Amino acid sequence: MQLRLIKPAELEQAALLAHSIFRQAGDTSMKELFPLIFSPGYTHSYAAVAEDGNIAAFMGLVPSTIRTGEALLNVFSIGAVCTDPAYRGQGLAGQLLQLCQTHAANAGASLIFVSGDRSLYTRAGCVPFGGTQFAELNASSAHALAAAAGEEWTLRPMQPGDFFAVNRLLNEREAGQVYSPGELALLLGSEAYAGVLGLSQRTLVAVRDGSIEGFAAMAVPAAGVPAASPATAVEWAGQPQAVAALLAKAALCSGVGTLQVPVPWQERSLLALLRDAGASLSAGANSGTVCIADRETLLRQTEVCRKRSLDLSSVDDKELISLLFDPASPLRTSDSLEESEVIPLPYMSGLHFI
(Lines give C-alpha, C1' and ligand atoms only; values in the text may rest on other atoms or scores of the structure.)
Protein backbone atom coordinates (compact mmCIF):
# COMPACT_ATOMS: atom_id res chain seq x y z
CA MET A 1 0.00 0.00 0.00
CA GLN A 2 1.36 3.41 -1.01
CA LEU A 3 0.24 6.55 0.80
CA ARG A 4 1.18 9.57 -1.28
CA LEU A 5 0.07 12.60 -3.24
CA ILE A 6 -2.50 11.50 -5.76
CA LYS A 7 -1.57 11.78 -9.42
CA PRO A 8 -3.82 13.82 -11.75
CA ALA A 9 -4.56 10.69 -13.79
CA GLU A 10 -5.92 9.02 -10.62
CA LEU A 11 -8.42 11.75 -9.75
CA GLU A 12 -11.15 10.21 -11.88
CA GLN A 13 -10.95 6.98 -9.90
CA ALA A 14 -10.93 8.93 -6.63
CA ALA A 15 -14.05 10.84 -7.70
CA LEU A 16 -15.82 7.57 -8.51
CA LEU A 17 -14.90 6.15 -5.09
CA ALA A 18 -16.17 9.29 -3.35
CA HIS A 19 -19.36 9.19 -5.41
CA SER A 20 -20.00 5.57 -4.41
CA ILE A 21 -19.69 6.53 -0.73
CA PHE A 22 -21.53 9.86 -0.59
CA ARG A 23 -24.01 10.01 -3.47
CA GLN A 24 -27.05 8.10 -4.65
CA ALA A 25 -28.12 6.99 -8.13
CA GLY A 26 -29.14 10.01 -10.17
CA ASP A 27 -27.30 12.51 -7.95
CA THR A 28 -24.88 15.03 -9.38
CA SER A 29 -21.44 13.46 -9.39
CA MET A 30 -18.76 14.34 -6.83
CA LYS A 31 -16.52 15.38 -9.73
CA GLU A 32 -19.05 18.00 -10.81
CA LEU A 33 -19.84 19.18 -7.28
CA PHE A 34 -16.21 19.56 -6.22
CA PRO A 35 -14.10 20.69 -9.18
CA LEU A 36 -11.47 22.19 -6.85
CA ILE A 37 -10.79 18.66 -5.58
CA PHE A 38 -11.22 16.50 -8.65
CA SER A 39 -10.26 18.64 -11.66
CA PRO A 40 -6.84 17.87 -13.17
CA GLY A 41 -4.09 20.28 -12.25
CA TYR A 42 -1.60 20.77 -9.46
CA THR A 43 -3.13 18.56 -6.82
CA HIS A 44 -2.62 18.69 -3.06
CA SER A 45 -4.82 15.69 -2.24
CA TYR A 46 -3.57 12.37 -0.86
CA ALA A 47 -4.53 8.77 -1.50
CA ALA A 48 -3.78 5.26 -0.32
CA VAL A 49 -3.06 3.27 -3.46
CA ALA A 50 -3.23 -0.52 -3.34
CA GLU A 51 -0.71 -2.76 -5.10
CA ASP A 52 -3.11 -3.29 -7.99
CA GLY A 53 -3.32 0.47 -8.57
CA ASN A 54 -6.81 0.93 -7.13
CA ILE A 55 -7.53 3.85 -4.81
CA ALA A 56 -8.14 2.35 -1.38
CA ALA A 57 -8.70 5.66 0.42
CA PHE A 58 -8.73 9.33 -0.49
CA MET A 59 -8.52 12.70 1.26
CA GLY A 60 -9.17 15.89 -0.70
CA LEU A 61 -6.96 18.84 0.25
CA VAL A 62 -7.64 22.26 -1.30
CA PRO A 63 -5.68 25.51 -0.74
CA SER A 64 -7.30 28.93 -0.47
CA THR A 65 -6.79 32.37 1.01
CA ILE A 66 -9.12 34.00 3.53
CA ARG A 67 -9.13 37.76 3.92
CA THR A 68 -10.05 38.87 7.44
CA GLY A 69 -9.70 42.55 8.18
CA GLU A 70 -6.19 43.50 7.09
CA ALA A 71 -4.89 39.94 7.34
CA LEU A 72 -4.59 37.25 4.70
CA LEU A 73 -4.67 33.67 5.95
CA ASN A 74 -3.29 30.93 3.71
CA VAL A 75 -5.31 27.84 4.59
CA PHE A 76 -6.28 24.38 3.40
CA SER A 77 -9.65 22.64 3.50
CA ILE A 78 -10.18 18.89 3.75
CA GLY A 79 -13.15 17.11 2.22
CA ALA A 80 -14.40 14.12 0.21
CA VAL A 81 -12.68 11.82 2.70
CA CYS A 82 -13.51 8.20 1.87
CA THR A 83 -12.23 4.65 2.13
CA ASP A 84 -13.17 1.71 -0.04
CA PRO A 85 -15.17 -0.70 2.19
CA ALA A 86 -12.73 -3.48 1.33
CA TYR A 87 -9.89 -1.53 2.99
CA ARG A 88 -11.58 -0.17 6.10
CA GLY A 89 -10.19 -0.85 9.55
CA GLN A 90 -6.57 -0.32 8.50
CA GLY A 91 -6.25 3.26 9.75
CA LEU A 92 -5.72 4.63 6.25
CA ALA A 93 -7.73 7.82 6.79
CA GLY A 94 -5.74 8.68 9.90
CA GLN A 95 -2.46 8.20 8.04
CA LEU A 96 -3.69 10.36 5.16
CA LEU A 97 -4.69 13.07 7.61
CA GLN A 98 -1.17 13.12 9.05
CA LEU A 99 0.24 13.50 5.54
CA CYS A 100 -2.18 16.35 4.79
CA GLN A 101 -1.24 18.13 8.02
CA THR A 102 2.46 17.87 7.20
CA HIS A 103 1.79 19.03 3.62
CA ALA A 104 -0.14 22.09 4.85
CA ALA A 105 2.55 23.07 7.34
CA ASN A 106 5.31 22.72 4.73
CA ALA A 107 3.29 24.77 2.24
CA GLY A 108 3.07 27.75 4.59
CA ALA A 109 -0.56 27.35 5.66
CA SER A 110 -1.75 28.55 9.04
CA LEU A 111 -4.98 26.55 9.39
CA ILE A 112 -6.72 23.43 8.09
CA PHE A 113 -10.52 23.49 7.94
CA VAL A 114 -12.45 20.23 7.93
CA SER A 115 -16.09 19.86 6.93
CA GLY A 116 -16.57 17.07 9.51
CA ASP A 117 -16.28 16.67 13.26
CA ARG A 118 -15.92 12.93 13.75
CA SER A 119 -13.30 11.36 15.99
CA LEU A 120 -10.85 10.94 13.09
CA TYR A 121 -10.41 14.71 13.14
CA THR A 122 -10.86 15.51 16.83
CA ARG A 123 -8.14 12.99 17.74
CA ALA A 124 -5.82 14.91 15.41
CA GLY A 125 -6.46 18.25 17.11
CA CYS A 126 -9.43 19.56 15.12
CA VAL A 127 -11.85 21.57 17.24
CA PRO A 128 -15.04 23.63 16.79
CA PHE A 129 -14.31 27.32 16.29
CA GLY A 130 -15.76 30.79 15.88
CA GLY A 131 -19.28 31.98 16.46
CA THR A 132 -22.42 31.95 14.32
CA GLN A 133 -26.00 33.08 14.81
CA PHE A 134 -28.39 30.71 13.06
CA ALA A 135 -31.44 32.69 11.93
CA GLU A 136 -34.66 31.20 10.60
CA LEU A 137 -36.99 33.24 8.44
CA ASN A 138 -40.62 32.18 8.20
CA ALA A 139 -43.32 33.95 6.19
CA SER A 140 -44.08 36.47 8.94
CA SER A 141 -40.48 37.47 9.67
CA ALA A 142 -39.64 37.47 5.94
CA HIS A 143 -42.43 39.97 5.25
CA ALA A 144 -41.17 42.13 8.13
CA LEU A 145 -37.60 41.89 6.84
CA ALA A 146 -38.70 42.88 3.33
CA ALA A 147 -40.54 45.91 4.74
CA ALA A 148 -37.50 46.96 6.79
CA ALA A 149 -35.17 46.55 3.81
CA GLY A 150 -37.29 48.85 1.69
CA GLU A 151 -38.04 48.90 -2.01
CA GLU A 152 -34.98 50.75 -3.26
CA TRP A 153 -33.58 47.82 -5.18
CA THR A 154 -34.54 45.83 -8.21
CA LEU A 155 -34.14 42.16 -7.24
CA ARG A 156 -33.32 39.83 -10.12
CA PRO A 157 -31.43 36.63 -10.96
CA MET A 158 -27.68 37.00 -11.32
CA GLN A 159 -26.45 37.18 -14.93
CA PRO A 160 -23.03 36.43 -16.47
CA GLY A 161 -22.34 40.14 -16.85
CA ASP A 162 -22.63 40.58 -13.09
CA PHE A 163 -19.52 38.56 -12.18
CA PHE A 164 -17.04 41.39 -11.71
CA ALA A 165 -19.47 43.42 -9.60
CA VAL A 166 -20.47 40.43 -7.46
CA ASN A 167 -16.85 39.37 -7.02
CA ARG A 168 -16.01 42.89 -5.87
CA LEU A 169 -18.74 42.70 -3.21
CA LEU A 170 -17.50 39.30 -2.03
CA ASN A 171 -13.90 40.50 -1.78
CA GLU A 172 -14.95 43.64 0.14
CA ARG A 173 -16.41 41.67 3.06
CA GLU A 174 -14.81 41.98 6.48
CA ALA A 175 -14.06 38.26 6.30
CA GLY A 176 -14.36 35.94 3.32
CA GLN A 177 -12.69 33.62 0.89
CA VAL A 178 -10.66 35.45 -1.75
CA TYR A 179 -12.15 34.66 -5.16
CA SER A 180 -11.05 35.44 -8.67
CA PRO A 181 -13.92 35.99 -11.13
CA GLY A 182 -13.06 32.68 -12.80
CA GLU A 183 -13.09 30.75 -9.52
CA LEU A 184 -16.36 32.42 -8.54
CA ALA A 185 -17.94 31.33 -11.83
CA LEU A 186 -16.70 27.77 -11.28
CA LEU A 187 -18.05 27.56 -7.73
CA LEU A 188 -21.39 29.15 -8.57
CA GLY A 189 -21.80 26.65 -11.38
CA SER A 190 -20.82 23.59 -9.36
CA GLU A 191 -23.36 24.34 -6.56
CA ALA A 192 -21.47 22.14 -4.10
CA TYR A 193 -23.23 22.92 -0.83
CA ALA A 194 -26.68 23.03 -2.42
CA GLY A 195 -25.95 19.67 -4.03
CA VAL A 196 -24.88 18.15 -0.71
CA LEU A 197 -28.19 19.35 0.78
CA GLY A 198 -30.15 17.85 -2.12
CA LEU A 199 -31.33 21.31 -3.18
CA SER A 200 -30.92 23.64 -6.14
CA GLN A 201 -28.96 26.88 -6.03
CA ARG A 202 -30.54 30.22 -6.82
CA THR A 203 -28.45 33.37 -7.15
CA LEU A 204 -29.93 36.86 -6.93
CA VAL A 205 -28.61 40.41 -7.04
CA ALA A 206 -30.02 43.71 -5.75
CA VAL A 207 -29.58 46.59 -8.19
CA ARG A 208 -30.00 50.31 -7.53
CA ASP A 209 -29.36 53.04 -10.12
CA GLY A 210 -27.65 50.50 -12.34
CA SER A 211 -25.22 49.38 -9.61
CA ILE A 212 -25.20 45.94 -7.96
CA GLU A 213 -25.31 46.55 -4.20
CA GLY A 214 -26.19 43.08 -2.94
CA PHE A 215 -25.73 39.43 -3.84
CA ALA A 216 -27.05 36.22 -2.34
CA ALA A 217 -26.82 32.53 -3.26
CA MET A 218 -29.48 30.31 -1.72
CA ALA A 219 -30.01 26.55 -1.69
CA VAL A 220 -33.76 26.02 -2.25
CA PRO A 221 -36.03 23.15 -3.29
CA ALA A 222 -36.35 22.61 -7.02
CA ALA A 223 -39.80 23.24 -8.45
CA GLY A 224 -42.03 20.22 -7.96
CA VAL A 225 -39.36 18.28 -6.05
CA PRO A 226 -39.83 17.41 -2.34
CA ALA A 227 -37.32 19.28 -0.20
CA ALA A 228 -34.48 17.06 1.03
CA SER A 229 -33.31 19.72 3.50
CA PRO A 230 -34.48 23.14 4.69
CA ALA A 231 -33.77 26.01 2.31
CA THR A 232 -30.50 27.65 3.32
CA ALA A 233 -28.65 30.85 2.48
CA VAL A 234 -25.25 29.76 1.16
CA GLU A 235 -23.34 33.01 0.68
CA TRP A 236 -24.01 36.72 0.35
CA ALA A 237 -22.28 40.08 0.18
CA GLY A 238 -23.07 43.76 -0.12
CA GLN A 239 -25.03 46.36 1.80
CA PRO A 240 -26.86 44.71 4.71
CA GLN A 241 -30.27 46.11 3.71
CA ALA A 242 -29.80 44.93 0.12
CA VAL A 243 -28.82 41.46 1.37
CA ALA A 244 -31.84 41.49 3.70
CA ALA A 245 -34.12 42.25 0.76
CA LEU A 246 -32.67 39.30 -1.15
CA LEU A 247 -33.02 36.91 1.79
CA ALA A 248 -36.62 37.97 2.33
CA LYS A 249 -37.43 37.43 -1.34
CA ALA A 250 -35.93 33.94 -1.25
CA ALA A 251 -37.83 33.06 1.94
CA LEU A 252 -41.12 34.15 0.38
CA CYS A 253 -40.70 32.13 -2.82
CA SER A 254 -43.25 29.39 -3.34
CA GLY A 255 -42.12 26.05 -1.90
CA VAL A 256 -39.38 27.46 0.35
CA GLY A 257 -41.34 27.52 3.60
CA THR A 258 -38.57 28.70 5.90
CA LEU A 259 -35.05 29.92 5.11
CA GLN A 260 -32.07 29.09 7.33
CA VAL A 261 -29.47 31.89 7.45
CA PRO A 262 -26.16 31.12 9.24
CA VAL A 263 -24.74 34.57 10.01
CA PRO A 264 -21.14 34.94 11.28
CA TRP A 265 -20.94 36.95 14.51
CA GLN A 266 -19.22 39.93 12.89
CA GLU A 267 -22.14 40.73 10.56
CA ARG A 268 -23.88 42.77 13.24
CA SER A 269 -25.92 45.00 10.91
CA LEU A 270 -27.52 42.05 9.12
CA LEU A 271 -28.11 40.30 12.44
CA ALA A 272 -29.88 43.39 13.79
CA LEU A 273 -32.18 43.48 10.75
CA LEU A 274 -33.02 39.79 11.15
CA ARG A 275 -33.59 40.14 14.89
CA ASP A 276 -35.82 43.20 14.50
CA ALA A 277 -37.85 41.38 11.84
CA GLY A 278 -38.64 38.61 14.31
CA ALA A 279 -36.43 35.87 12.86
CA SER A 280 -35.63 33.18 15.41
CA LEU A 281 -31.94 33.14 16.38
CA SER A 282 -29.80 30.48 18.03
CA ALA A 283 -26.07 30.68 18.75
CA GLY A 284 -23.50 28.10 17.72
CA ALA A 285 -20.03 27.59 16.29
CA ASN A 286 -18.88 27.91 12.71
CA SER A 287 -19.29 24.97 10.32
CA GLY A 288 -17.05 21.94 10.79
CA THR A 289 -13.77 21.97 12.70
CA VAL A 290 -10.30 23.48 12.36
CA CYS A 291 -6.76 22.65 13.41
CA ILE A 292 -3.55 24.62 13.33
CA ALA A 293 -1.27 23.70 10.44
CA ASP A 294 1.68 25.61 11.84
CA ARG A 295 1.54 27.67 15.04
CA GLU A 296 4.24 30.21 14.15
CA THR A 297 2.71 30.74 10.72
CA LEU A 298 -0.71 31.33 12.30
CA LEU A 299 0.68 33.90 14.73
CA ARG A 300 2.57 35.64 11.93
CA GLN A 301 -0.40 35.75 9.55
CA THR A 302 -2.70 37.10 12.29
CA GLU A 303 -0.21 39.53 13.85
CA VAL A 304 -1.79 42.54 12.13
CA CYS A 305 -5.10 41.73 13.88
CA ARG A 306 -3.61 42.03 17.38
CA LYS A 307 -3.13 45.41 19.02
CA ARG A 308 -0.69 44.22 21.64
CA SER A 309 2.34 41.97 21.75
CA LEU A 310 1.29 39.04 23.92
CA ASP A 311 3.03 35.91 25.07
CA LEU A 312 0.75 33.13 23.81
CA SER A 313 3.28 30.34 24.32
CA SER A 314 1.53 29.05 27.43
CA VAL A 315 -1.78 28.27 25.68
CA ASP A 316 -2.28 25.04 23.75
CA ASP A 317 -3.61 24.91 20.18
CA LYS A 318 -7.26 24.50 21.22
CA GLU A 319 -7.01 27.48 23.55
CA LEU A 320 -5.25 29.55 20.91
CA ILE A 321 -8.02 28.88 18.37
CA SER A 322 -10.59 29.89 20.98
CA LEU A 323 -8.76 33.12 21.86
CA LEU A 324 -8.20 34.10 18.24
CA PHE A 325 -11.57 33.27 16.70
CA ASP A 326 -14.29 32.86 19.34
CA PRO A 327 -15.98 36.13 20.44
CA ALA A 328 -17.41 34.33 23.47
CA SER A 329 -14.19 32.59 24.49
CA PRO A 330 -14.20 31.78 28.22
CA LEU A 331 -10.41 32.10 28.16
CA ARG A 332 -10.38 35.82 27.40
CA THR A 333 -9.23 37.98 30.32
CA SER A 334 -7.93 41.49 30.76
CA ASP A 335 -4.44 40.12 30.21
CA SER A 336 -5.28 38.29 26.97
CA LEU A 337 -6.72 39.38 23.64
CA GLU A 338 -9.37 42.08 23.75
CA GLU A 339 -12.78 41.43 22.21
CA SER A 340 -11.94 43.89 19.43
CA GLU A 341 -8.99 41.68 18.51
CA VAL A 342 -11.12 38.59 17.86
CA ILE A 343 -10.54 37.56 14.26
CA PRO A 344 -13.69 37.13 12.14
CA LEU A 345 -13.96 34.19 9.75
CA PRO A 346 -16.49 33.47 7.02
CA TYR A 347 -19.05 30.73 7.54
CA MET A 348 -17.26 27.76 6.01
CA SER A 349 -20.28 26.02 4.43
CA GLY A 350 -20.50 28.57 1.66
CA LEU A 351 -19.67 28.60 -2.03
CA HIS A 352 -16.17 27.32 -1.18
CA PHE A 353 -17.54 24.31 0.72
CA ILE A 354 -15.05 21.42 0.49
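**Close-up 1. Asp-209 in the loop between β9 and β10.** In this predicted model, Asp-209 sits in the loop that links β9 (200-208) to β10 (211-220). Here's a residue other than glycine with a positive phi, near 50°. Asp-209 counts as exposed, because its relative accessibility is 80% and the cut-off for exposed is over 50%.

**Close-up 2. Glu-191 in the loop between α8 and α9.** Glu-191 isn't a glycine either, yet its phi is positive, about 55°. Look for it between α8 (181-190) and α9 (192-197). With a relative accessible area of 26%, Glu-191 is partly exposed.

**Close-up 3. Helix α6 packed with helix α10.** Residues 139-149 form α6 and residues 240-251 form α10; the axes are 8 Å apart and the packing angle is about 150°. That makes the two helices roughly antiparallel, since angles over 145 degrees fall in that class. Their crossing is left-handed. On the α6 side, the contact uses Ala-142, Leu-145, Ala-146, Ala-148 and Ala-149. From α10 come Gln-241, Ala-244, Ala-245, Leu-247, Ala-248 and Ala-251. Sort these contact residues by type and you get ten nonpolar, one polar and no charged.

**Close-up 4. The nonpolar cores.** The largest one has 42 residues. Phe-34, Ile-37, Phe-38, Phe-58, Val-166, Phe-215 and Leu-351 have the most contacts inside it. Helix α1 (residues 11-22) gives the most to this core, five residues.

Terms used. Residues numbered from 1 in each chain as written. Predicted model: local features only at pLDDT ≥ 70, side-chain atom pairs only at ≥ 80, totals over all residues. Heavy atoms only, no water. Axes fitted to C-alpha atoms, helices over the stretch in contact; angles between N-to-C directions. Helix = DSSP H or I, 4+ residues; strand = E, 2+ residues; numbered from the N terminus. Parallel < 35°, antiparallel > 145°, perpendicular 65-115°, else oblique. Left-handed = near helix turned anticlockwise from the far one by under 90°. Contact = heavy atoms within 4.5 Å. Nonpolar A, V, L, I, M, F, W, Y, C, P; charged D, E, K, R; others polar. Core = buried A, V, L, I, M, F, W, Y, C linked by side-chain atoms within 4.5 Å. Buried < 20%, exposed > 50% of the residue type's maximum accessible area, 1.4 Å probe, protein only.
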